[in-house]
Amino acid sequence: THDLVLWRFNPHAAFRVLTGHRDWVEGLCVVPTAPGANEEVYSVGSDGLILRWQGSSELNTDLFTVQDEVVGHEGSILCACYSRDLGMLVTGSDDCTLRLWPLGEPVDSEQGGGGEGDE
């Protein structure tokens, strides 16, 4: 399967398995949230998807559910990182593009703009 597996140091078992991607998971990024807010984690994969995972319970922050599924690259997404300075998620793909993701809307790295038809 193509699942995201969370590990705590335990040589015998995975801590959590998160199911959502349809192909290999290539990268993972934890994004800082406001104090008291549920933790957010982004995963990217060979399926071209960016999945936003969020802690699904105030009582048990170890449970995560998919909150958003974003498609924006034309190929596999190979890496992701969070830029604290920009406040954006940055992704890189085998379609030879980097994309900046503010509030769920991509900004094309070459154009600095991002909407459809900007290319």
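**Notes on a predicted all-strand model**

1. Let me start with Thr91: at 1% relative accessibility, this residue counts as buried (buried means under 20% relative accessible area, exposed over 50%, and partly exposed in between, with a 1.4 Å probe and protein chains only). Thr91 belongs to strand E8, residues 88-93 (strands, E, are DSSP runs of at least two residues and helices, H or I, of at least four, numbered from the N terminus).

2. Before going further, a word on conventions. This is a predicted model in which local features need pLDDT of at least 70 and side-chain atom pairs count only at pLDDT 80 or more, while totals for chains, interfaces and linings use all residues. Residues are numbered from 1 along each chain as its sequence is written, and side-chain values use heavy atoms, with hydrogens and water left out.

3. Who surrounds Thr91? Setting aside neighbours within four places in sequence, Thr91 is in contact with Val44, Ile50, His73, Ile77, Cys79, Ala80, Thr97, Leu98, Arg99 and Trp101 (contact means heavy atoms within 4.5 Å). With Trp101 there is also a side-chain to side-chain polar contact of 2.8 Å. The term polar contact covers a pair of N or O atoms within 3.5 Å; within protein, one must be able to donate a hydrogen and the other to accept it, and residues adjacent in sequence count only if both atoms are side-chain atoms.

4. E8 and E9 run antiparallel and are joined by four bridges (two strands pair if DSSP finds at least two bridges between them). Gly92 stands opposite Leu98 of E9.

5. The turn here is worth a look. Four residues lie between the strands in the hairpin of E8 and E9, and Cys96 is placed in that loop. Its phi is near 70 degrees, a positive value in a residue other than glycine. Most residues other than glycine have a negative phi, and most peptide bonds are trans. Cys96 counts as exposed because its relative accessibility is 69%.

6. Now the overall layout. The protein has zero helices and ten strands. Buried residues make up 36% of its 119 residues. Of the contacts between residues at least 6 apart in sequence, 27% join residues at least 24 apart.

7. Four strands form an open sheet in the order E3-E4-E5-E6, with antiparallel pairing. E3 (25-31) and E6 (64-71) stand at the edges with a single partner strand each, so one side of each lacks a neighbour in the sheet. From one strand to the next the twist averages 25 degrees (axes are lines fitted to C-alpha atoms, for helices over the stretch in contact, and angles run from 0 to 180 degrees between N-to-C directions).

8. Which way do the side chains of E4 point? Glu40, Tyr42 and Val44 point one way, Val41, Ser43 and Gly45 the other, and all are buried. Six of the six residues of E4 (40-45) are buried, so this strand is largely enclosed by the rest of the structure.

9. The pairings within this sheet can be followed one by one. E3 and E4 share six bridges, with Val31 partnered by Glu40. E4 and E5 are joined by five, and Ser43 stands opposite Leu51. E5 (residues 49-55) and E6 are joined by seven, and Leu51 stands opposite Glu69. In the hairpin of E4 and E5, with three residues between the strands, Gly48 takes a positive phi near 80 degrees.

10. Finally, the cysteines. How many disulfides are there? The count comes to zero (a disulfide is a pair of cysteine sulfur atoms within 2.5 Å). The sulfur of Cys79 has its closest cysteine sulfur in Cys81, 7.0 Å away and too far for a bond. For Cys81 the closest is in Cys29, at 6.4 Å, again too far. Cys79, at 40% relative accessibility, counts as partly exposed, and so does Cys81, at 41%.
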